[in-house]
Structures are given as structure tokens and as C-alpha cells.
Amino acid sequence: MSNKEMKGAAYWDDRFQAPAYAYGEAPNDFLRWAAPQVKLGKAVSLCEGEGRNAVFLAKMGFEVTAVDFSRVGLNKAKALADLHKVTLNYEVADMKDFELENNAWDLVVSVFAQPDADIRQRLYARLGQSLKPGGAFILESKVNGERTAVNRYPGVDTLIQDIQPLKVAFSKQCERELNEGSYHVGLHTTAQILAFKNA
């Protein structure tokens, strides 16, 4: 992957400066499929960016916290929320410093977050404690390598290991057509997971 993808908040602030929404205003389609299978409650969306997924969840009735290290992205998320007449909570945080609190969430969302492997493993290892009983984790991420690869773009088998002891209800790794704004366009290999904590 390019060095640009490894850059920090300033890189993303710059990307999000444009008036257009970099990844569109519509929610990720896997999230659109998976979220209705989750009980309503408190949701957190990691690396939310400009708000498309958080706004969708808020319109469904979730109480949503959008987390991102780009203030520019979160400002656009607020504008999108205002447009759709929903309210979000916002937290400016880098995933390397972000903590998932105990028994705090009914839903954790990670759509194309792609943290470094050590950060991902630390965060996802907390899911079992952080989700409330019956809570859910929804993930879609890009894959670069085998199903068992351990890097920023791991395969679905590695991700399933990372989120234990959650029970996986759906998982898939495939090449699929993305049409999300101007940056996620065309064929990409992705991993998709819907998993639950036992009630």
C-alpha cells in the first residue's frame, strides 16, 4: 500500500477539506445489510471520517459516537448529521490512544478503519469486554494478502482470530465492486464480519 495511507491526521484533514464527501454520503452497503440485525442502543464507529455511516445508524435509532483523528472529517460529519436532522456524539482520537470502555456499547463499527496490526489487535481484543451482552461488531476492511495475513490489511481468518471470543454470525472474503465517493471505486478484495457477544 502507498505511504500516503500510513500518514496521520494532517493527511486526512487535507483529503476531507474538499467540499465533496471523499467516500460519499451514503452508508457502506455491508453496514446497511448488517445493522438491522443488531438491537438498537449505543453505537461507536471507529475511524468514522465524514459521517456517512454514523448518520445512517443515527437515522435507524442508534445513539452514535463518531470517532476519528481528523477534526475536518468530524466537522463534515456534523454538517451531514445536521442535514439529516440527527444528532451524533463526536470524539477526536487516534486509534493508537483510543480505549473501548467496559460494557459500554451495543454496536462497534469498523468500516475501512485499517489500523496498524498491533493497534487493531489491542482494540479488537477489547470487544468482548466492551460490548454489552448481545452486542455486535460490524466490520468491512480491505484485504492485501492471504486469508491468514497479519498486517494492516489482514484476511478474514486473521480478523476472526482477533475478535475472539465473539461469535461470528457472518463472514466473507471476496473481490467486490466498491462505489463509495471518489476514493473507494472499482474492484477490491474485502473482508466482512458480523459478530455478536453472547447475551
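Here is a short chat about the predicted model shown above.

Colleague: Hi! What should I know before I start looking?

Modeller: This is a predicted model, so local features need pLDDT of at least 70 and side-chain atom pairs count only at pLDDT 80 or more, while totals for chains, interfaces and linings use all residues. Residues are numbered from 1 along each chain as its sequence is written, and side-chain values use heavy atoms, with hydrogens and water left out.

Colleague: What is the mean pLDDT of the protein chain?

Modeller: The mean is 89, and 92% of the residues reach 70 or more. pLDDT is the predictor's confidence in each residue, from 0 to 100.

Colleague: Where does pLDDT stay under 50?

Modeller: Over residues 1–5, for which the model has five contacts beyond four places in sequence. A contact means heavy atoms within 4.5 Å.

Colleague: And which elements have the lowest and the highest mean pLDDT?

Modeller: Helix α1 (residues 9–16) has the lowest, 75, and strand β4 (residues 105–111) has the highest, 98.

Colleague: How many helices and strands are there?

Modeller: The protein chain has seven helices and seven strands. Both are DSSP runs numbered from the N terminus: helices are H or I with at least four residues, strands are E with at least two. From the N terminus on, the order is α-α-β-α-β-α-β-β-α-α-β-α-β-β.

Colleague: What is the strand order in the sheet?

Modeller: It is an open sheet of seven strands in the order β3-β2-β1-β4-β5-β7-β6, with mixed pairing. The edge strands, β3 (89–92) and β6 (167–180), each pair on one side only. Two strands pair if DSSP finds at least two bridges between them.

Colleague: Which way do β6 and β7 pair, parallel or antiparallel?

Modeller: Antiparallel: β6 and β7 (residues 184–196) share 13 bridges. One place to look is Glu175, whose bridge partner in β7 is Thr189.

Colleague: How about β4, how many bridges join it to β1?

Modeller: Four, and β1 and β4 run parallel. In that pairing, Val44 stands opposite Val108 in β4. β4 is also joined to β5 (residues 131–142) by six bridges, again running parallel. There, Trp105 has Leu131 in β5 as its bridge partner.

Colleague: Why is β4 called largely enclosed?

Modeller: Because seven of its seven residues are buried, β4 is largely enclosed by the rest of the structure. Buried means under 20% relative accessible area, exposed over 50% and partly exposed in between, with a 1.4 Å probe and protein chains only.

Colleague: Switching to helices, how many residues of α3 are buried?

Modeller: Seven of the nine residues of α3 (residues 52–60) are buried, so this helix is largely enclosed too. Among them are Arg52, Asn53 and Phe56.

Colleague: What covers those buried residues?

Modeller: The cover includes α2 (29–34), β1 (42–46), β2 (63–68), α4 (71–83), β4 and β6. Just after α3, Gly61 takes a positive phi of about 120 degrees.

Colleague: Last topic, the whole chain. What is its radius of gyration?

Modeller: The chain has 15 Å, which agrees with the value near 16 Å that a compact globule of 199 residues would have. The radius is taken over C-alpha atoms, and the globule rule is 2.2 Å times the number of residues to the power 0.38. Along the principal axes, the C-alpha atoms fill a box of roughly 40 × 35 × 30 Å.

Colleague: What percentage of the residues count as buried?

Modeller: Of the 199 residues, 53% count as buried. Among contacts between residues at least 6 apart in sequence, 72% join residues at least 24 apart.
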